[in-house]
Amino acid sequence: MHTPFTLRFLSSIDRKSGIALAVFLAVALLAVPLLHSAFPPESLFHVSTYAITLVGKIMCYAIVAIAMDLIWGYGGILSLGHGLFFALGGYTFGMYLMRQIGRDGSYGADLPDFMVFLDWKELPWYWHGSDSFLWVALLVVLVPALVACIFGFFAFRSRIKGVYFSIITQALTYAAMLLFFRNETGFGGNNGFTDFKRILGYSITAPETRLVLFGLTALLLAATFVFAKWLVGSKYGRVLTAIRDAESRVMFIGYNPLWFKLFVWTVSAVLCGIAGALYVPQVGIINPSEMGVANSIEIAIWVAVGGRGTLIGPIIGAFVVNLAKSWFTVSFPEYWLFFLGLLFIVVTLLLPQGLIGLWKSLRQARAGKGGKA
Amino acid sequence: MSTREVMRKIFGIEDDEDNGFGYPDRQTRLDLSHNVILYLEDITVSFDGFRALNKLNLAIDAGELRCIIGPNGAGKTTMMDVITGKTRPDSGRAFFGQTIDLTRLTEPQIAHTGIGRKFQKPTIFEQHSAFENLELAMKTDKRVSKSLFATLRDEQRDRIAATLTQIGLGHEADRPAGLLSHGQKQWLEIGMLLMQEPQLLLLDEPVAGMTDDETVKTAELFLSLAGKHSLVVVEHDMSFIERLGGKVTVLHEGSVLMEGDLATVQNDQRVIEVYLGR
């Protein structure tokens, strides 16, 4: 019997996750647009543009968190450079957004403002085709995939593991950040890309565009979750966790860990790239600080806080940490990093399974009490 | 020069049949024309000047059950490392059958040619169920692309179930392997070896930590495998070796001290000296 592809993906979702997914999509695709447009801004039920942008942004982070969980939670490979792939996707899509500005920039020229400022007369070769949405959409996938593939191949072939791998990924994203800071690199130097006007011809600040981007992000988050659920439930997923737990045994039963690691590494990078591409039009800016060391470490913290190897945990982690961050950075901006560090220590010491683990043990304790009574 | 050759030059991939995704399930044409399945010739391995193996020569016949004994540091585990590709010898040759040069293959490739290995410390996938452990070990196409869409056929399920019964874990199929007892873990690892359908089994201290009853059962299992498979067993448990019968090889300081049946070996003056120390 041959089951169609989509059905096979969906069959990896259990009843509870299925209901949760349906509720999530109904809220994101129906309730939020309705509440936003049907109620006036002063109404209690109105969902503000600020809230939509904030949640849209966090949903992009949640996709990154799932990608990180695949490689770290299931593959046992801690990457401290995932911000690089996120930023690469963002920059790639940012090129398209820069071209969409057209002559509406402050210099009124055909070239993006920063190039005019640098006195460049034509686009660098890698900007060619960047006015085509389809080409750029393809690049959003291909660029992170290629970088991850080449880096991963050499790292995994040399059997670099554990903390050494983490340090190298950190160095990689740091080196990329320094490269993107340079004006000569052709990506706007330390200002990066900003002042976007349009996407596919539609105004980027229009509420409708924002709602569409929000909906797309929600759809992609759901799709990423279903895909990841399917992947970890497949035999591939079992080999991956086997590599995490006893790599030599995996080799001696005839699997080559190199290709298994490289596959999940590349998939993870591509997911980050797509998330980055959705992030940039919603946030309206991309600059080299996205490749900063702290950003990549924060991704690992979302996953650790939510609970590694659970897929749903990292999504929760991304939301909890980022909602806390947006509150903290408004109320006590100078204490955020201290809080983040404290959170990481508390989670590592007291909650090795993250919030999901806490919830599970609370439920077990409750069930135990109920049983006795 | 083809693209593949260029890639091989650049990346240093040695495997001729590597298609970039792993290793297809190819039926090995193991040449047993001289009735020898494993042939080690003048193997030397040094670690920082210490010679773990010193011009080791060893030949295992097809279908043979060979026991290897020797004091600690004699080179037993290093020998298994060389055969399975974990350690590259400084010099010497290692052949599987007449044609397969083991010193040029990687660990997964060697596994695919038909050599299975049980480690000294039971090495299983603790988070996976016993059933899944066997599923992963089962002889099949082990490339990434095949693993993504692999589903178990009924006869494969039956085989896994039969092996679980054979290793006495029929009722533990769905238990996480990490929760099994030490002896059960040992057996699970042996079961994984069986699922690989190897022609040569290397077993490093398979009955360590087993109860007497389990040890007897293991000996029976090994005896039933001999003939169809070739087995190399490293053990310290002399009663177990006695039960297995067969030829015994004594390793000492990285080379073969002597070979013979257990009684001859145990009464040999040199062997006694080696074990008791001079």
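This is a predicted model: local features need pLDDT of at least 70, side-chain atom pairs count only at pLDDT 80 or more; totals for chains, interfaces and linings use all residues.
The sulfur of A:C60 sits 11 Å from the closest cysteine sulfur, in A:C272, and this is too far for a bond. With a disulfide taken as a pair of cysteine sulfur atoms within 2.5 Å, the count over all chains comes to 0 disulfides. A:C60 is buried at 0% relative accessibility, and B:C67 likewise counts as buried at 0%; here, buried means under 20% relative accessible area, exposed over 50% and partly exposed in between, with a 1.4 Å probe and protein chains only. Side-chain values use heavy atoms, with hydrogens and water left out; residues are numbered from 1 along each chain as its sequence is written, and chains are lettered from A and ligands numbered from 1 in the order in which they are written.

Turning to the interface, 39 residues of chain B are in contact with 30 residues of chain A, contact being heavy atoms within 4.5 Å. The area buried between the two chains is about 3,000 Å², with carbon and sulfur atoms giving 66% of it; this is the accessible area (1.4 Å probe) that two parts lose on being put together, summed over both. Across this interface, 12 residue pairs are in polar contact, both residues being at pLDDT 80 or more. A polar contact is a pair of N or O atoms within 3.5 Å; within protein, one must be able to donate a hydrogen and the other to accept it, and residues adjacent in sequence count only if both atoms are side-chain atoms. On chain B, the side that touches chain A draws at least two residues from each of α3 (107–113), β6 (115–118), α4 (130–137), α5 (144–148) and α7 (182–195). Helices (H or I, at least four residues) and strands (E, at least two) are DSSP runs, numbered from the N terminus.

Within chain A, A:D131 pairs with A:R99 at 3.9 Å in a salt bridge. A:D131 lies in the loop between α5 (113–117) and α6 (133–157) and A:R99 in helix α4 (residues 82–101), so the pair ties together parts 32 residues apart in sequence. A:D131 is partly exposed at 47%, as is A:R99 at 23%. A second salt bridge joins A:E247 to A:K261 at 3.2 Å. Here A:E247 is buried at 15% and A:K261 is buried at 5%.

In chain B, B:K247 and B:E259 form a salt bridge at 3.8 Å, and this pair belongs to a network of salt bridges that links B:E64, B:R66, B:K247 and B:E259.

Key. A salt bridge is a side-chain nitrogen of Lys or Arg within 4 Å of a carboxyl oxygen of Asp or Glu.
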